[in-house]
Structure formats: C-alpha cells, structure tokens
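Me: I would like to understand the words used for this model before I rely on them. Could we go through them one by one?

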Amino acid sequence: MILFEAQNVTKRFRTQTALDGVSISVPEQSIYGLLGPNGAGKTTLIRIINQITAPDSGAIFLNGHPVKPEDVHNIGYLPEERGLYKKMKVGEQALYLAQLKGLSRNEAMRRLKYWFNKLEITGWWDKKVEELSKGMQQKVQFVTTVLHEPQLLIFDEPFTGFDPINVKQIKDEILFLRERGATIIFSTHNMSSVEELCDNITLINKANTILEGSVDKIRSEWAANEYDIVFNGEVTPSGNGHFSILSSRFENGNSIVRIKSNDNADTNEIIKAMTSAGRVVSFNPSLPSMNEIFIRVVERKNKEAAKN
Amino acid sequence: MNKIALIIRREYITRVRKKSFIIMTLLTPFLFALLFIIPALVMSNDDKEFKKIAVVEDGADLFKDVIPDTKDTDFEYLEGININDIKTNFADLGYYGVLYISPQLITTPNAIQLITRKQPAIGLLDHISGSLEKEIEKQKLLAYNIENLDEILKTINTSVRIQTIKMDEEGSATETSTGISMGLAYLSGFLMYMLVFMFGSMVMRGVIEEKTSRIVEVIISSVKPVQLMLGKIIGVALVGLTQFGLWIMLTLAIVMVVKINVLPEGAMEQIQQLPQSFAEADQAMAGMENSPVSGEQISEFESLFASALNQPWGLIIFSFIFYFITGYLLYASLFAAIGSAVDNETETQQFMLPVTIPIILGLVVAMGTMQNPESSLSFWFSMIPLTSPIVMVARIPFDVPAWEIALSMGLMVVTIIGSVWMAAKIYRTGILMYGKKTSYKELWKWLTYKG
C-alpha cells in the first residue's frame with residue numbers, strides 16, 4: 001500500500017524553479033531516500049510534505065487522501081538545521097516538545113526515559129542544549145522527532161555531524177522504526193547509508209527527477225554486465241566470444257578477475273569457461289555503488305543540459 | 001494541558017529563570033530606592049555638619065552680632081583681631097571660615113569676603129547677605145531719625161510664598177505641587193517607554209531565535225503559528241508584570257529598611273510628623289522675623305509631602321498598569337511581526353524605524369507635557385494609540401478629564417485588536433520564509449493573503 005504520494009509537484013521561487021513536476025510514491029513501512037546534489041530541491045520537497053510551504057501546482061496525498069493541515073500531527077520532522085532552544089535544558093525541552101505533540105506529561109516522561117536509555121544519553125537530561133556538541137544535539141532532536149510515534153517520519157540529512165558509531169546507531173534505530181511500522185523518508189548525501197537502508201529512492205537534480213525506483217533494481221540496471229570472479233590460487237583466464245577480461249589481481253592466495261560479458265551472452269557459458277580455467281570460489285555480478293550511479297547519472301544529465 | 005498554556009509556561013519560566021532577569025529584578029529596586037533615599041540623606045546631612053564662622057571687622061564694630069546663628073552654623077564675632085592674623089590659620093582654630101566685613105560695606109556692596117577652605121553652600125551665603133542687607137537697610141533708615149523705627153520695621157517685614165491650590169468643580173481643594181506632579185510624570189513616562197521597548201524587543205528576539213534555529217518548523221507541526229505568537233506575547237507580558245511587581249515591592253521594602261536603620265532619627269521624625277505639623281508651620285510663617293532657616297525648610301518639605309499624598313495614586317497606578325499592558329501588546333505584536341519577517345537581528349533595522357519613531361516621539365512629547373500638560377499637542381498624542389501609553393501616563397498626575405482617559409483607553413483596545421490580527425497574518429507567513437530579504441511590498445502581500 002502506498003502511504004505517501006506526491007504528484008507533479010512544482011514550486012517556483014522568484015528567480016528559480018525549485019521543483020519541476022516531481023512525483024514520488026512511498027510504500028507503507030518502507031524507507032525512501034531523497035537524493036540529489038546540493039540545491040537540487042530536496043529540502044523544498046520536504047518542506048512541502050510538511051506543509052511549511054505550499055506547492056505552486058501538483059498535489060500530495062497521505063493514506064490516499066489529499067494532505068490536510070491536521071495530518072502534520074501524523075508526521076515527525078527532523079529539519080536539517082537543528083531546531084532546539086539553545087538555552088533550555090535537554091530534558092525539559094524534550095518534555096515540552098512532546099507535550100506540544102499532544103502526549104500527556106506522564107506518557108512523554110515514560111517514552112523519553114525509554115529513548116534516552118536506548119540512545120545512551122540519560123546523562124544529558126539536565127544539560128543545556130548549547131553545552132552539547134552538534135551531533136549530541138542531533139541525537140536529542142532525533143528522539144523528539146520520533147517520540148510521538150507518527151506514521152510518517154521525515155529526516156533531512158540525519159547523518160551529518162555524527163561520528164561513525166552514532167551513524168550506525170541512528171541507522172539501526174531507523175531500521176527498528178520501520179520494523180515497528182513507521183514509514184520513513186530521508187534526504188542524504190551519504191550514499192552508503194542509502195544502500196544499507198533505502199528500499200526506494202528518487203534522485204533529484206536541478207528540480208527534476210532523473211532516477212527513481214527500488215535500490216536493488218537500479219543497481220542491477222546499472223551493473224553494465226560486469227562480474228567479479230574469485231579463483232583459488234593464481235589463475236589467469238583469457239577472454240572468449242562471450243566475455244572479455246577487464247582486470248585481474250592476485251591477493252591473499254586468491255585471484256580476483258573482473259570481466260565484462262558481451263551483449264546477449266549466456267552467463268552459463270561464461271561460468272563454464274571459468275570453471276575450466278581454475279577453481280572458482282565465487283561468481284558475482286559487480287553492482288555499482290549508489291555513489292557511482294549518483295555521480296554518473298548527474299554528470300550525464302549535466303552534460304546533456306550543457307549541450308542543449 | 002492546553003497547548004497555548006504550555007507555550008506561555010515555557011516562555012515565562014525560561015525567562016524568569018535567566019540570570020539577567022534575576023539580576024535586573026534585584027538591582028533596579030536599589031536604583032529606585034536611591035531616588036527616594038538620597039534626597040532624604042542630603043537633607044539630614046545638612047543638619048549634622050556643624051560650622052563655626054569667625055566674623056572680623058577692621059576696627060569698627062558696625063556689624064556686631066548682626067548675623068544670627070542658624071541651626072548648623074554659629075557666627076562668632078571676634079573683636080580686635082586683624083584679618084591678616086586669622087586669614088591663614090582659621091581652620092586650625094576650628095573655624096569653617098572667616099567672614100571679613102570692611103566698614104565700606106554700607107556704601108560698597110562688595111566690600112565683604114568669606115574665606116573658606118571648601119565651597120560654601122548657597123543657603124549660607126543667602127543667610128549672610130540677607131542678614132547684612134537687612135541691617136544696612138536698618139542703619140540707613142536710622143539715619144532718617146524715624147520714631148518707633150523698630151516697631152515699624154516689624155510690621156513691614158514681609159514674606160511671600162505661593163501655595164498652589166487645585167480646585168475641582170465641586171469646590172473641594174487639594175494642595176498640589178507642580179514639582180511632585182512633574183517628577184511623577186517624568187518617572188511614569190520614562191518607565192513606560194523603557195518597559196514597552198524592553199519587553200517588546202524581547203518578544204522580537206524570541207521570534208527571531210525560533211525562526212533562525214528552525215524550531216518553528218518543528219513546532220508548527222504541533223500548534224498553529226498564531227498560538228505560538230500569542231503564547232510568546234502573553235508569556236513575556238507575564239514576565240514584565242512579575243518584574244514590575246517585584247520592583248515595586250522590593251523598592252518599598254528597601255526604602256522601609258533604610259528609613260528605619262540608616263536615616264538619623266530626627267530626619268525620620270520630621271517626615272512622620274509632617275502632616276500634623278501644618279498648624280505649626282503656619283505659625284512659623286506668621287512670626288517670620290528673624291526667621292530660622294530650618295523653619296522654612298520644614299514647611300516646604302511638609303507641603304511637598306502633603307501634596308505627594310494628594311496625588312491620585314489609585315488612578316496613577318491603575319492607568320500605568322493598563323497602559324503598560326495595552327502598550328506592550330501593541331508594540332509586542334508589531335515587534336513579533338518584524339521578527340517573523342527577517343532572517344536575523346541585523347536585518348530588523350529597516351522595519352524597526354517606523355516602530356521606534358512613534359515610541360520616541362511619545363517620549364519627547366511626554367517630556368514636553370510636563371511643561372504644559374493641557375496643550376493640544378499633549379492631548380492629541382495622548383489619544384493616538386502608538387504614543388498614548390507614554391504621553392497619557394505622563395499627563396495623568398496633572399489631572400486629566402475622565403472622558404479623555406476613557407477615549408484614549410478605548411482607542412487603545414481597538415487598536416490592539418487590529419494590530420494583533422495584522423501581526424498574526426504577517427507572522428504566519430513570515431516565520432516560515434527564508435533566504436530572501438523581505439520588502440514592505442512583500443509584507444503587504446502577506447497581510448492580504450486570504451484564509
């Protein structure tokens with residue numbers, strides 16, 4: 001089931017177009033990545049979803065009906081700039097924000113204790129926000145965003161400012177939240193997190209969608225018929241009519257060979273050739289990283305634009 | 001809890017807990033108290049320092065014992081002493097100064113010198129010259145050989161002191177002092193200006209903080225922007241009232257404590273006995289020949305005190321609180337709108353000007369009001385809502401007709417409703433706008449947005 005949908009959303013500012021007919025569709029209980037270079041229009045889309053700004057044209061839907069002002073209660077939003085009162089104490093502030101979301105004081109307290117324990121930040125309760133580092137503040141804000149258990153969670157650049165340990169912790173929490181039924185949209189430049197977390201993505205460049213779909217599908221489409229074969233011992237296979245050798249190296253007693261199959265080549269033929277060349281340990285399509293895909297897609301688009 | 005109540009609570013508590021609030025609240029009453037205490041201390045100190053002045057004539061004894069002693073100064077007439085003998089060492093002999101009178105004084109007004117180490121007080125000089133003038137007049141009159149001169153002089157001894165009586169239509173009179181009214185007008189006008197400006201801009205800074213830190217983006221998913229704005233305005237208003245209330249109570253407490261512990265008893269009794277001793281004062285006035293200086297001082301102080309009691313305190317305090325609340329609401333809503341329209345505090349300037357001009361104009365007119373509380377300028381500025389809080393509180397000690405106060409207050413209430421409505425419209429749009437510099441044209445567009 002589709003939980004959230006944006007159809008043909010266009011938003012223009014005085015001098016530039018921020019979004020030009022962008023559509024996304026987010027299945028329930030999935031993680032959706034909004035990717036794109038700086039200034040592509042990701043944050044504008046997020047602000048439209050949160051009804052902070054209205055689109056010039058196009059429509060957005062939650063649970064199949066057009067989004068109403070009341071729906072924001074069903075959305076948790078973590079903005080890119082950290083929205084906390086600097087002079088307030090962490091606990092007090094978290095409690096205040098939770099109560100504004102409609103939780104009773106007791107319930108808010110109970111959930112805060114749970115999350116503060118889980119993220120190991122209980123000791124910060126009485127600290128002022130300004131005493132915390134950027135990453136620490138972000139952790140606090142992450143808690144205040146998810147506390148009221150909204151159906152849809154939107155994180156704008158949730159990993160900036162975190163060290164690798166905290167990045168992993170937040171990733172785990174995002175996966176955990178999905179398991180508990182939440183649907184998550186997040187924007188990021190961190191491509192490895194996209195591979196680990198996202199079910200689907202949209203790549204926005206200069207206000208337009210240039211790539212869209214499930215992460216697995218996109219990666220295999222961009223695989224470009226390349227395979228990595230690992231042999232036990234030093235093996236140097238040679239190409240035939242079905243494939244050509246791209247590179248080969250010897251490492252820790254294994255040979256790692258990358259090949260490119262010719263168009264319409266039968267994988268079984270390639271495997272046959274390999275098994276006769278030596279003892280095959282593994283045979284894998286070599287999937288490009290999202291990082292490579294990102295760079296290639298964006299560069300190609302920009303070149304096309306330059307030509308026109 | 002109701003969401004707007006939650007917001008008010010936060011705005012109030014975070015501000016009241018701030019160090020700067022606590023320091024301001026505790027220190028200001030000391031400054032206020034000093035305003036009351038210093039004059040009293042100065043008065044009582046005058047009495048304490050006892051002075052002895054040597055009076056020296058060159059040979060002649062034309063002015064022996066002519067200058068009467070006052071409460072704090074004795075005049076010792078030294079016979080047969082040359083001025084040059086004492087000129088340099090009078091201080092060692094225990095004198096405050098030497099008064100050297102030359103016999104030519106009768107014909108030459110400046111043939112007299114007072115030699116002192118310190119600058120003598122004006123009162124002392126007046127006392128000396130007054131006594132000598134009287135004596136010289138007497139001696140000149142004596143030259144005409146008039147019979148019963150002493151009695152004649154007594155009967156023609158005159159003194160003029162104007163008592164100002166304010167008569168209302170029913171004919172009941174109150175003794176007033178323009179001085180006290182002016183002081184009150186000045187204090188209320190200036191205090192109003194300060195409070196409205198201080199708390200108004202506190203609202204603005206709060207709005208800018210929420211906007212720049214994007215807190216507002218998180219919060220408006222929970223509450224309406226208008227609720228956030230009203231919560232802030234009301235919260236800060238309560239902070240202002242708390243501070244103001246504490247100032248009054250602490251000032252009174254400090255004045256009391258100082259009265260009891262620090263001021264000499266005599267000075268205190270003077271103040272306490274003032275109301276009863278009116279009759280005495282009148283007597284003292286009647287028998288003014290050889291009038292002791294202190295008698296005059298007391299009666300002046302007395303009437304000041306009495307007219308301070310006669311001020312319409314109830315009306316003054318009520319209207320001050322009314323105009324503080326309404327003036328604050330008016331300016332705070334404007335300041336909130338400004339705060340929402342800009343990205344940081346430095347950008348506020350272009351919008352601040354039209355808001356600060358009326359406030360400063362109000363202060364200027366209020367100060368002029370003290371010279372002429374009935375002028376048409378004062379009247380109109382105490383009606384125009386942007387200036388009326390400051391100008392009206394400055395006019396009230398001078399007795400303003402009830403209908404004028406009612407009209408001014410009514411206009412104020414209507415204007416607030418309008419300004420809050422307007423501010424809410426600008427705020428709603430402005431608080432979520434970033435990046436581009438807002439123009440007046442843009443503000444107008446936000447105001448006229450439907451819905």
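Reply: A nonpolar core is a set of buried Ala, Val, Leu, Ile, Met, Phe, Trp, Tyr and Cys residues joined through C-beta atoms within 7 Å, where buried means that 20 or more other C-beta atoms, placed from the backbone, lie within 10 Å of a residue's own. This is a predicted model, in which local features need pLDDT of at least 70 and side-chain atom pairs count only at pLDDT 80 or more, while totals for chains, interfaces and linings use all residues. Residues are numbered from 1 along each chain as its sequence is written, and chains are lettered from A in the order in which they are written.

Me: Which residues touch the most other members of the largest nonpolar core?

Reply: They are A:Ile154, B:Val203, B:Ala332 and B:Ala336, in a core of 128 residues. Helix H12 (residues 313-341) of chain B gives the largest share of this core, 14 residues.

Me: What makes H2(A) oblique to H3(A)?

Reply: The axes of H2(A) and helix H3 (residues 105-118) of chain A, which come within 9 Å, cross at roughly 125 degrees. Angles under 35 degrees count as roughly parallel, over 145 as roughly antiparallel, 65 to 115 as roughly perpendicular and the rest as oblique, and therefore H2(A) is oblique to H3(A). Their contact includes A:Ala94 and A:Leu95 of H2(A) and A:Arg105 and A:Ala108 of H3(A).

Me: How many residues of chain A are in contact with chain B?

Reply: There are 19 residues of chain A in contact with 15 residues of chain B, contact meaning that C-beta atoms, placed from the backbone, lie within 7 Å. H2(A) gives the most to this side of chain A, with 4 residues.

Technical notes:
Contact = placed C-beta atoms within 7 Å. Helix = DSSP H or I, 4+ residues; strand = E, 2+ residues; numbered from the N terminus. Buried ≥ 20, exposed ≤ 12 C-beta atoms within 10 Å, placed from the backbone. Axes fitted to C-alpha atoms, helices over the stretch in contact; angles between N-to-C directions.
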